[in-house]
Amino acid sequence: MNKHLEGLVELSDIDKSVDGFTPQIEIAEKKITKEQQKVDDVTEKIANLHSLIEDNGSKIKSYEEQIATLDEQLKSIQKKNKAITNEKEMKALSLEEELAKEKLTFANEEIERLGKINETKKEEEKELNIKLEELSAVAVTVNKEAEKKLADIEKQKSGLYEERVKKVSSIDQKILVFYEKVRNWAGNTAVVAVKKQACYGCYMKINDKAYSEVIRGEEIATCPHCGRILFLEKVEAEA
Ligand SMILES: [Zn+2]
């Protein structure tokens, strides 16, 4: 095999190896995102619960203020009761008292109802906080593992890049440009083997002329059907 072609086959192997890391990187990154998403979801739930509890709390407070005002009102009604001079006044005052008492009952009922809701919600919040702690701990562990994996991949990749730079410097510039051109559309199958007189990129049989060119290995041969760069596999070359 010609030296440039040999270099291309090796370069293509390096490029394949670099690309081969992509799924592993995606898996590691997905793991990190997935755990973080769980943490974020629970954090959001807690925040929503918290604002509901606060909201109910301020409602309770405003009912308590209402009760204080109504108490004052009832006291003043009782005072006025003593100074009543006619039936009309009595009726008006009694109506006012009835209304105030109704409001008082309602406010007390609401305080009780909201209080019960908040008890339940606070319990839920407590449980969610425990869950958040657990999820955060898991996320930290998963993150560490994934980051380690990513760093390891990065190390291997930079090793391959170094190899690539060396390889590239040993290949003729024109051939390199041609390789990149084919790689643009063929990706990791830019350089493929010929087996049983067939291109292993498009799996079509190549004609005798193209085949003999591949066998000679003097020039960079391409598949007449798909245009990929061809090389003869060592086993076939020896045979
Ligand atoms: Zn082909």
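**Exercise 1. A residue in a helix**

In which helix does E35 lie? Decide also whether E35 is buried or exposed, and list its contacts.

*Solution.* Start with the ground rules. This is a predicted model, in which local features need pLDDT of at least 70 and side-chain atom pairs count only at pLDDT 80 or more, while totals for chains, interfaces and linings use all residues. Residues are numbered from 1 along each chain as its sequence is written, and side-chain values use heavy atoms, with hydrogens and water left out.

Step 1. E35 lies in helix α1. Helices here are DSSP runs of H or I with at least four residues; strands are runs of E with at least two; both are numbered from the N terminus.

Step 2. Check the accessibility. Buried means under 20% relative accessible area, exposed means over 50%, and partly exposed is in between (1.4 Å probe, protein chains only). E35 has 10%, so it counts as buried.

Step 3. Find the partners. Contact means heavy atoms within 4.5 Å. Leaving aside neighbours within four places in sequence, E35 is in contact with V138, A139 and V142.

Step 4. The C-alpha atoms of E35 and N143 are separated by 8.2 Å, yet the two residues are 108 apart along the chain.

**Exercise 2. The zinc site**

Which residues are the protein donors of the zinc ion? Work out the arrangement too.

*Solution.* Step 1. Donors are N, O and S atoms within 2.8 Å of the metal (3.2 Å for Na, K and Ca); water is not among the atoms, so sites may look incomplete. The SG atoms of C199, C202, C223 and C226 qualify, lying 2.3 Å from the zinc ion.

Step 1. Read the spacing: C-x2-C-x20-C-x2-C. C202 and C226 link distant parts of the chain, 24 residues apart. C202 is in the loop between β2 (198-199) and α4 (208-216). C226 is in the loop between β3 (221-222) and β4 (229-232).

Step 2. Four donors count as tetrahedral if all angles lie between 85 and 135 degrees. Here the 4 donor atoms subtend 104 to 115 degrees, so the arrangement is tetrahedral.

Step 3. C199 has 0% relative accessibility and counts as buried. C202 has 23% and counts as partly exposed.

Step 4. Look for disulfides, meaning pairs of cysteine sulfur atoms within 2.5 Å. The structure holds 0.

**Exercise 3. The nonpolar core**

Which residues touch the most other members of the largest nonpolar core?

*Solution.* Step 1. A nonpolar core is a set of buried Ala, Val, Leu, Ile, Met, Phe, Trp, Tyr and Cys residues joined through side-chain atoms within 4.5 Å.

Step 1. The largest one has 15 residues; L8, Y179, V191 and I229 touch the most other members.

Step 2. Elements giving two or more residues are α1 (3-82), α3 (173-186), β1 (191-195) and β4. The most come from α3, with 5 residues.

Step 3. Follow V191. Leaving aside neighbours within four places in sequence, its contacts include L8, Y179, I229 and F231.

**Exercise 4. The whole chain**

How many helices and strands does the protein chain have?

*Solution.* Step 1. The protein chain has 5 helices and 4 strands. Their pattern along the sequence is α-α-α-β-β-α-β-β-α.

Step 1. The radius of gyration of the chain is 40 Å, well over the 18 Å that the globule rule gives for 239 residues, so the chain is more spread out than a compact globule. This radius is taken over C-alpha atoms, and the rule is 2.2 Å times the number of residues to the power 0.38.

How values were computed. Four donors count as tetrahedral if all angles lie between 85 and 135 degrees; four count as square planar and six as octahedral if opposite donors are over 155 degrees apart and all others between 65 and 115; anything else is irregular.
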